[in-house]
Amino acid sequence: MIASGTRQELVANYKRLGGEPPAWAWKYKPSVPFIGDAYRPVDGLLIYASAENLAWMNRKDVPARFEDERVWDRYRAVYDEAGRTGSSFFPDVGIQPVTDGGLFAAGLFVARKLRVATGDRPREFLETLAVTNWCKFSVKAENNADYVADTEKLAASLPYVVAELVVLKPKVTLLPKAVWQQSLLQAAMRGASPCTHFVPVPQFNTTVVNCHLDSFTENGLRLRRELAGSVLAEWMRNLYGFHEEHAWRYLAFLDEALRGFQ
């Protein structure tokens with residue numbers, strides 16, 4: 001199977017890079033992306049969240065997947081353990097902005113706009129994607145610490161990002177805007193996958209959709225009316241923790257951002 005071979009190739013590449021966490025990070029090796037069984041290089045969609053939050057380890061036991069070989073492919077391990085058969089509308093892959101539906105719905109919107117192969121059901125769609133965090137290490141702190149604008153810390157992840165882009169060769173990639181704005185990182189990603197359409201986006205969280213994107217309210221409501229009754233509209237109603245009307249602002253932002261790619 002293509003995806004299985006791709007995962008094995010990426011794990012081998014990660015191991016060659018060493019996988020040793022920086023002194024400021026939790027001790028765990030970086031994970032390769034979740035790669036869907038139907039993902040196809042050149043034609044696929046890659047979605048990047050920002051950074052893995054491991055602060056919950058201060059309060060809970062460390063799962064076995066962090067202590068054995070599955071650590072290198074732990075997003076697939078989370079899905080196999082809980083997300084594949086879970087009762088939640090969106091599948092759990094251990095990446096919160098995907099599991100709560102935000103980046104998942106954004107991915108469907110982008111895939112439909114740019115004619116990337118998709119499925120109509122969340123788990124079917126997931127198997128066409130590659131999904132991961134751009135930041136491969138997690139800051140060791142009492143609470144979650146986001147470093148998506150910290151160039152020095154981001155540099156530790158860049159070799160792994162380049163390695164996965166070379167192998168995955170996505171048609172379209174969603175990634176954090178704060179990363180893309182850094183010229184050296186942007187150049188490295190373009191060099192690793194020169195035919196990819198990179199779409200920089202803000203984080204899909206409540207602060208962004210409720211406050212930072214309020215200028216997209218009118219266009220968001222327009223999209224909501226136009227897409228009423230669609231698969232995407234159903235997904236938007238099932239977002240976890242979001243005011244649904246406000247969440248459409250994010251799709252309105254994407255709609256504007258994608259005009260140059262069509």
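**Figure 1. I47 and its partner across the bridge to strand 3.** In this predicted model, I47 has V131 of strand 3 as its bridge partner. Strand 2 (residues 45-51) and strand 3 (residues 129-135) run parallel and pair over 6 bridges. Strands here are DSSP runs (E, at least two residues), numbered from the N terminus, and two of them pair if DSSP finds at least two bridges between them.

**Figure 2. I47 and strand 4.** Opposite I47 stands L174 of strand 4.

**Figure 3. Strand 2 and its residue S50.** Because 7 of the 7 residues of strand 2 are buried, this strand is largely enclosed by the rest of the structure. Buried means under 20% relative accessible area (1.4 Å probe, protein chains only). S50 belongs to strand 2 and has a relative accessible area of 11%, so S50 is buried. Not counting residues up to four places away in sequence, S50 touches N133, W134, C135, D146, V148, P176 and Q203, where contact means heavy atoms within 4.5 Å.

**Figure 4. The lining of the largest cavity.** P30, S31, E52, Y75, N133, C135 and K136 line the largest cavity.

**Notes for all views.** Residues are numbered from 1 along each chain as its sequence is written, and side-chain values use heavy atoms, with hydrogens and water left out. Local features need pLDDT of at least 70 and side-chain atom pairs count only at pLDDT 80 or more, while totals for chains, interfaces and linings use all residues. For the cavity, a 1 Å grid over the protein atoms alone gives a set of points where a 1.4 Å probe fits but cannot get out, and lining residues have an atom within 4 Å of a point.

Key: 1 Å grid on protein atoms, 1.4 Å probe; cavity = no way out; pocket = protein on both sides within 12 Å on 5 of 7 lines; lining within 4 Å. Buried < 20%, exposed > 50% of the residue type's maximum accessible area, 1.4 Å probe, protein only. Helix = DSSP H or I, 4+ residues; strand = E, 2+ residues; numbered from the N terminus.
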